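Me: Got a model open here and I'd like to talk through how it's put together. Can you walk me through it?

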Amino acid sequence: MTPTAANAASISARAIVVMGVAGCGKTSVGQGLATALGWVFIEGDAHHSPASIAKMQAGQALTDEDRWGWLERLGQMLADQAPVVLSCSALKRAYRDRLRLACPALRFVFIDIDKALALQRVADRADRHFFSASLVDSQFTTLESPIGEPGVVTVPATLALSAQVERALDLLTPRNNQETRP
């Protein structure tokens, strides 16, 4: 069996959401997981409505109302395109539960990062991404930590990308009894 086939065969989930605040590395880790598993990757930010993108570019935080339609679209993609890896902030438990309803075999990889590093990373990518660095505080205010939720594994953002992907794959395999570990 090839390494990719072995990775995919060892994961019990049919879909994985890589989640966390802006700047944590959701896209990079998500792409790495999708490549390792041989699965489709979906960039969640690409599916925000034009109004939501304009709001974020203007430095305005999204509300729950702004996010419900986006979460519905993402949930449908998870259900329709499995096996799939999706990057999505999924900051609140209600958002994660909405995605779980659409795709019951869903697992989450939470990229844990501190505010200072997230702010630095968002500022560093300002010329390549619509998300305003002024919104990093609102991301941490909105975040309802998923640590301890069933189906969630936690990976530190401070690890090298390859180590993050390796840790996530290891934690997502059924042989691991712990959902999260440092």
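Me: What's the strand order in the open sheet?
Reply: The order is 2-3-1-4-5, with 5 strands and parallel pairing. Strands here are DSSP runs of E with at least two residues, helices are runs of H or I with at least four, and both are numbered from the N terminus. Two strands pair if DSSP finds at least two bridges between them.

Me: Which are the edge strands?
Reply: Strand 2 (40–43) and strand 5, each of which pairs on one side only. From one strand to the next, the twist averages 20°.

Me: Before I go on, what sort of model is this?
Reply: It's a predicted one: local features need pLDDT of at least 70, side-chain atom pairs count only at pLDDT 80 or more, and totals for chains, interfaces and linings use all residues. Residues are numbered from 1 along each chain as its sequence is written, and side-chain values use heavy atoms, with hydrogens and water left out.

Me: OK, back to strand 5. Is that mostly covered or mostly uncovered?
Reply: Mostly covered: 4 of the 5 residues in strand 5 (residues 152–156) are buried. Buried means under 20% relative accessible area, exposed is over 50%, and partly exposed is in between, with a 1.4 Å probe and protein chains only.

Me: And how many bridges does strand 5 share with strand 4?
Reply: 5 bridges, in the parallel sense, with strand 4 spanning residues 106–112. Asp112 has Pro156 of strand 5 as its bridge partner.

Me: Switching to helices. At what angle do helix 2 and helix 8 cross?
Reply: Roughly 60°, and the axes of helix 2 (residues 26–37) and helix 8 (residues 161–172) come within 9 Å. Axes are lines fitted to C-alpha atoms, for helices over the stretch in contact, and angles run from 0 to 180 degrees between N-to-C directions.

Me: Which residues make the contact?
Reply: From helix 2, Ser28, Val29, Gly32, Leu33, Ala36 and Leu37; from helix 8, Leu161, Gln164, Val165, Ala168 and Leu169. Contact means heavy atoms within 4.5 Å.

Me: What do the helices lie across?
Reply: Helix 2 lies across strand 1, strand 2, strand 3 and strand 4, at about 155° to strand 1. Helix 8 lies across strand 1, strand 4 and strand 5, at about 155° to strand 5.

Me: Last one: where does Ser89 lie?
Reply: In the loop between strand 3 and helix 5 (93–102). Ser89 counts as buried because its relative accessibility is 11%. Leaving out residues up to four places away in sequence, Ser89 touches Met19, Gly20, Lys26 and Trp70.
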